Amino acid sequence: MSAAGVARVAVVGTGVIGISWAAHFLARGLDVVATDPSPGAEERLRAEVAAIWPGLTPVEGASPERLAFTPDPALAVADADFVQENGPEREDVKHELFAVLDEAARPDVVLASSSSGLLPSVIARGCPAHPERVVIGHPFNPPHVIPLVEVVPGEKTVEEVVDRALAFYAAVGKKPIRLRQELPGHVANRLQAALWQEAYSLVERGVATVADIDTAISQGPGLRWAVLGPFANQHLSGGPGGIAHVLEHLGPPTERWWRDLGQVTLTPELVAALVEGVDAELDGVDPTELAARRDAVLRTLLDTKARTELP
């Protein structure tokens with residue numbers, strides 16, 4: 001079994017994201033070889049994949065038994081058809097790691113990084129032989145649940161590699177988007193950061209509590225955003241006139257709101273207030289159990305979206 005010509009995936013780095021990727025690839029019927037130098041990494045990986053597995057919908061032939069492990073990244077990628085790297089968000093670490101991957105992987109194999117913010121052109125500096133096969137393949141956490149993958153080419157990435165990465169992610173059930181420009185944080189994290197900036201500012205100014213702001217999003221616009229994106233939702237808000245009507249009538253006041261948005265610095269005092277607010281909001285709630293319930297709701301939502309053929 002293969003996905004867009006990929007039968008064996010190397011998962012490099014088995015932290016939270018790497019473990020989630022490994023479980024997802026296995027559930028799609030692929031062979032996975034994982035690598036991580038941390039002590040006890042293999043035991044943690046296999047235990048976490050086993051814990052995730054009951055919540056997945058594996059294709060025929062999929063099995064966690066198709067997971068292999070080696071602490072040697074060169075050995076892990078030697079026979080891989082696709083590489084998903086998930087190492088620390090540090091340029092020096094990426095360069096050292098990608099030098100190994102570049103030398104050991106077949107020249108035709110895509111080297112995709114899960115980096116949430118680093119630029120692909122920067123990462124590709126660690127690949128002196130084949131920088132043209134480096135892309136960002138940034139998932140949204142957790143990758144075994146959330147469909148989004150942001151594919152970002154670097155200045156030396158060839159178009160064929162972008163196309164192959166997009167085809168592979170789509171074949172394993174993801175919803176990939178392609179960025180036309182490198183930006184720190186890509187698209188989704190920049191949009192999140194914009195919301196966080198104002199949310200943090202509202203807390204700092206004493207406008208609302210952490211819990212109230214969470215409620216404002218989760219019981220308000222967040223419900224619509226989980227169904228359709230901001231532009232499509234805005235279009236539907238305009239009635240027969242659509243987004244053109246919204247921009248004509250609400251554009252000027254929106255511009256005034258933009259000018260009034262807060263600018264914040266994560267001072268120790270603000271960090272303490274945010275932590276205290278979350279602790280108060282989740283008092284007595286086990287975060288692991290809460291995440292499991294969140295993921296169950298997400299799966300139900302995704303199933304419903306698929307049945308109703310929403311974009």
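Strand β1 has 4 of its 5 residues buried, so β1 is largely enclosed by the rest of the structure. Buried here means under 20% relative accessible area, exposed means over 50%, and partly exposed lies in between, with a 1.4 Å probe and protein chains only.

A word on the model before I go on. This is a predicted model, in which local features need pLDDT of at least 70 and side-chain atom pairs count only at pLDDT 80 or more, while totals for chains, interfaces and linings use all residues. Residues are numbered from 1 along each chain as its sequence is written, and side-chain values use heavy atoms, with hydrogens and water left out.

Helices and strands are DSSP runs numbered from the N terminus: H or I with at least four residues for helices, E with at least two for strands.

Now the sheet. It is open, it has 8 strands, and its pairing is mixed. The order is β3-β2-β1-β4-β5-β6-β7-β8. Two strands pair if DSSP finds at least two bridges between them. Which strands are at the edges? They are β3 (67-69) and β8 (175-178), and each pairs on one side only. Neighbouring strands are turned by 25 degrees against each other on average, direction ignored.

Next, the neighbours of β1. On one side, β1 and β2 run parallel, joined by 5 bridges. Ala 10 stands opposite Val 33 in β2. Val 11 stands opposite Ala 34 in β2. β1 also pairs with β4, in the parallel sense, over 4 bridges. There, Val 11 faces Gln 84 in β4.

Three lines of contact matter here, starting with the crossover. From β1 the chain passes through α1 to β2, and this β-α-β crossover is right-handed. Right-handed means that, with the strands pointing away from the viewer, the path from the first strand over the helix to the second runs clockwise. A further right-handed β-α-β unit is made by β2, helix α2 (residues 41-52) and β3. Val 32 is opposite Leu 67 in β3. Helix α1 (residues 16-27) packs on the sheet. α1 touches β1 (8-12), β2, β3, β4 (82-85), β6 (134-139) and β7 (148-153), where contact means heavy atoms within 4.5 Å. The direction of α1 makes about 170 degrees with that of β1. Axes are lines fitted to C-alpha atoms, for helices over the stretch in contact, and angles run from 0 to 180 degrees between N-to-C directions.

On to a helix pair. How do α7 and α12 pack? Helix α7 (residues 188-204) and helix α12 (residues 268-281) meet at an angle of about 95 degrees, with their axes 10 Å apart. That makes α7 roughly perpendicular to α12. The classes are under 35 degrees for roughly parallel, over 145 for roughly antiparallel, 65 to 115 for roughly perpendicular, and oblique for the rest. From α7 come Tyr 200, Val 203 and Glu 204; from α12 come Leu 270, Ala 273 and Leu 274. The residues of this contact divide into 5 nonpolar, no polar and 1 charged. Ala, Val, Leu, Ile, Met, Phe, Trp, Tyr, Cys and Pro count as nonpolar, Asp, Glu, Lys and Arg as charged, and the others, Gly among them, as polar.

Now the loops. Leu 261 is in the loop between α11 (242-260) and α12. With 37% relative accessibility, Leu 261 counts as partly exposed.

Last, some backbone details. Which peptide bond is cis? The one joining Asn 141 and Pro 142, with omega about 0 degrees. Pro 142 lies in the loop between β6 and β7.

His 186 has phi near 60 degrees, a positive value in a residue other than glycine. His 186 sits in the loop between β8 and α7. Is His 186 buried or exposed? Buried, with a relative accessible area of 1%.

Glu 309 also has a positive phi, near 55 degrees, and is a residue other than glycine. Glu 309 lies in the segment after α13 (287-308). At 71% relative accessibility, Glu 309 counts as exposed.
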